[in-house]
Structures are given as C-alpha cells and as structure tokens.
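Colleague: Please put the structure up, and then we can go through a few questions about it.

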Amino acid sequence: MTIDTIELYRYTLPLTEPLSLGEDRVSERQGLLVHLTLGSGAEGWGDVAPLPAFSAETVDEAIADARRLRDGWEGQTITEGAPQAALRALSVPDGGAASVRFGGESAVVEALAEAQGVAPARLLGAKRSTVALNALVRAGDAETLLERGRQLRAEGYQAVKVKVGRAAVPVDVERVRALRRGLGEDVELRLDANRAWSFDEAVSFLSEMSEIPFAYIEEPVSDPERLPALGDATVCPVAIDETTRERSVEVLNAWPVRAVILKPTLLGGLQKTWDWESAACQHGVRPVVSASYESGVGTRMLAALAASLSDAPAGLSPYTRLAADVLPPRLSMDGPTVDLSTFSRSTVRVSRLGSSLD
C-alpha cells in the first residue's frame with residue numbers, strides 16, 4: 001500500500017477566552033493539518049499543533065518539518081495490518097518536531113483504518129468505544145470548589161483534576177479539601193502543580209494532605225531531580241508530565257512514580273507514547289492520555305489512543321476551550337464519557353480550509 005499524496009493546511013482557531021501558557025497569553029490556537037491519501041483512495045488526517053511555551057518548535061518550524069516529512073513519505077510503501085509496523089517503517093528522523101511526528105503518524109493510522117474498514121481505535125487495539133473523561137477545575141475559592149465538586153459528582157465524572165500551586169499553600173490546602181468534600185469518596189481526585197513549588201513548599205502542602213485521599217499529584221516541585229526525595233519525605237503518589245519529555249523511560253527504574261501523563265503532541269507521536277505506556281505497565285505505573293489543546297482532528301486520535309491503552313479517565317477537556325474547530329460538527333465532549341462511535345459524523349471539509357501549503 002503506497003502513500004500517494006500528503007497535503008498540508010494551516011489553521012487558526014479562536015479560544016473561548018485567553019489562555020495563559022507560561023509567560024504567554026494567547027487568544028487563538030494555531031496549527032497544521034496533515035491530509036494523507038493512499039493509492040487505494042483511503043484518507044487520513046493528522047493534527048500538528050505545537051503548544052506555545054511547552055513545545056520546542058514554533059508553528060513555522062513545524063511547517064518546515066512537515067514539508068520534509070511530506071517529501072520523505074510520499075511514494076513510500078506501508079504495510080497493512082498493525083499500525084505499529086507501518087509507523088516503524090516510516091520513522092521520522094531523530095530531531096524531528098514532536099508535534100509533526102504526532103500529526104504524521106495520526107494521518108497514517110486514520111488512512112490505514114479507513115482502508116481496512118475499521119475505526120482508528122479498533123485498529124489501535126481498543127475493545128471499547130467509550131472513554132471516561134477527566135474533568136478539569138482551574139480556579140475558584142473553597143466554597144466555589146465545594147459546589148463544583150458536588151456538580152461534577154452528580155454529572156457522573158469518575159475523575160477530577162484541580163490545578164494547585166498558583167496560590168499560597170494554605171489557600172490551596174483549603175481549596176483541595178473543599179473539592180474533596182464536594183466530590184465525596186468515590187470520585188478520583190488528581191492534583192497538578194506544574195512544578196510551581198519549591199521542595200519545602202511541596203512538603204508543606206503534602207503534609208497537610210496526609211488525611212485527604214487523592215490519586216496523584218503531577219510534577220509538584222520546580223526541580224524534578226528532587227522528586228525521589230519528596231517521595232521519601234511524604235510518601236505521596238507522584239505523576240510525571242514534563243519529565244517524560246526530558247528523560248527517557250529509564251527514569252521509571254529509579255523514581256517512585258504512580259502515573260505518567262502522556263501528551264503525544266509534546267512527547268513526540270504515537271510510537272514514543274507506546275514506548276512510555278509499555279514501560280509504565282512493566283513498572284505498575286498508570287498511563288494517562290492527555291491533550292495539549294489540539295483541534296478536533298488531534299483530539300479524536302487522542303481519544304482513540306486512550307481507548308486502546310487503559311481505562312484511566314483521559315484528560316481531553318482542553319478541546320472545550322476552542323471556540324471553533326476544523327471539524328463540522330464539533331466532537332461531543334460535554335459529559336463524563338465520550339462515545340467514539342459518534343466521531344464518524346465529523347469530517348474535515350477541504351473546501352473550508354483554503355489552499356494547501358506548497
């Protein structure tokens with residue numbers, strides 16, 4: 001089966017409200033769609049969406065890298081069957097942009113799925129067509145979070161994540177306690193500090209959390225090398241996110257990690273995500289698929305990947321921050337679960353994308 005053509009389309013999508021990313025504040029999401037066509041006529045789409053302040057590449061750099069990918073892949077023969085073998089034969093050279101690897105590999109998977117008459121999730125090995133979603137709570141005082149927790153529990157969410165580290169430690173402690181009360185005992189509570197704390201601040205916060213059950217806390221210290229010491233000092237369940245882009249899977253041999261947050265756009269595509277997932281399972285570590293504000297094209301691949309990897313609720317809520325999408329109609333992401341079988345109703349309309357890039 002031969003890759004016939006690869007077309008590239010740039011897009012800009014408005015956000016529902018400005019988003020703070022590191023020191024940047026953005027009001028729109030920019031990216032690139034990869035449209036891959038096989039000789040059989042089967043098509044696939046992928047999303048290249050470097051995230052400001054988190055991706056190493058800019059959109060312009062990703063476009064240049066995507067052109068190199070196009071020139072290298074067009075005319076290549078790929079094998080039918082398991083997508084892992086097809087992608088290994090089309091490996092992007094080391095140093096290629098992470099977001100481009102995800103977009104290109106996603107397009108291959110979608111095209112192979114269409115050629116075989118199956119959904120991408122099924123091609124990836126999923127045995128279910130639904131994915132539980134992780135609700136994200138960003139801000140609010142204790143009283144607000146108490147009510148928000150009650151609402152999310154009533155809506156049926158299995159997991160809720162709250163951002164910490166943006167207020168004083170005592171304030172965050174009060175907020176998390178209130179949210180925990182609102183959620184009750186049965187909803188999984190996840191915390192995300194985004195490396196906001198010093199070691200001492202993290203110890204102070206986690207000491208106050210000793211009687212409050214939570215699943216894990218993502219990247220609690222500004223210096224990730226101190227995560228092992230934090231585990232010794234607090235016996236807290238730690239998850240790694242940024243660390244997955246800085247270290248190899250070997251870190252799981254030495255660090256006490258409860259979960260790994262897998263963001264293929266930042267991590268470097270499906271193959272690298274599978275490497276981390278395999279290592280995580282070997283160490284009894286929980287893999288959790290999460291989004292990086294991708295368009296609907298990227299989000300539907302993340303959902304398919306989540307359905308194939310584990311039953312952990314996935315962090316796909318960033319999609320709801322887009323005020324528009326490249327897919328009409330938009331993906332339905334409003335409830336505690338998403339039904340992947342509904343995604344077939346949403347297709348990219350080339351006529352609405354404008355001219356492809358040279």
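**Questions on a predicted model**

Modeller: This is a predicted model. Just after H5, Gly156 takes a positive phi.

Colleague: How far apart should the ends of helix H5 be, and why?

Modeller: Helix H5 runs over residues 142–155, which makes 14 residues.

Colleague: Where on H5 do the buried residues lie?

Modeller: The buried residues of H5 are Ala142, Leu145, Leu146, Gly149 and Leu152. Seen down the helix axis, they fall within an arc of 135 degrees, so they line one face of the helix.

Colleague: Which exposed residues does H5 carry on the face turned away from its buried side?

Modeller: What covers the buried residues includes strand E5, strand E6 and helix H6. The face turned away from that buried side carries Glu143 and Ala154.

Colleague: Which residue of E3 stands opposite Leu32?

Modeller: Strands E2 and E3 pair in the antiparallel sense over 6 bridges. They form a hairpin with 4 residues between them. In E3, the residue opposite Leu32 is Val48.

Colleague: Which residues touch the most other members of the largest nonpolar core?

Modeller: That core has 116 residues. Leaving aside neighbours within four places in sequence, Ile217 is in contact with residues including Trp197, Leu206 and Val238. The residues that touch the most other members are Phe205 and Ile217.

Conventions. Residues numbered from 1 in each chain as written. Predicted model: local features only at pLDDT ≥ 70, side-chain atom pairs only at ≥ 80, totals over all residues. Heavy atoms only, no water. Helix = DSSP H or I, 4+ residues; strand = E, 2+ residues; numbered from the N terminus. Expected span 1.5 Å × (residues − 1). Buried < 20%, exposed > 50% of the residue type's maximum accessible area, 1.4 Å probe, protein only. Arc of directions from axis to C-beta. Contact = heavy atoms within 4.5 Å. Core = buried A, V, L, I, M, F, W, Y, C linked by side-chain atoms within 4.5 Å. Pairing = 2+ DSSP bridges.
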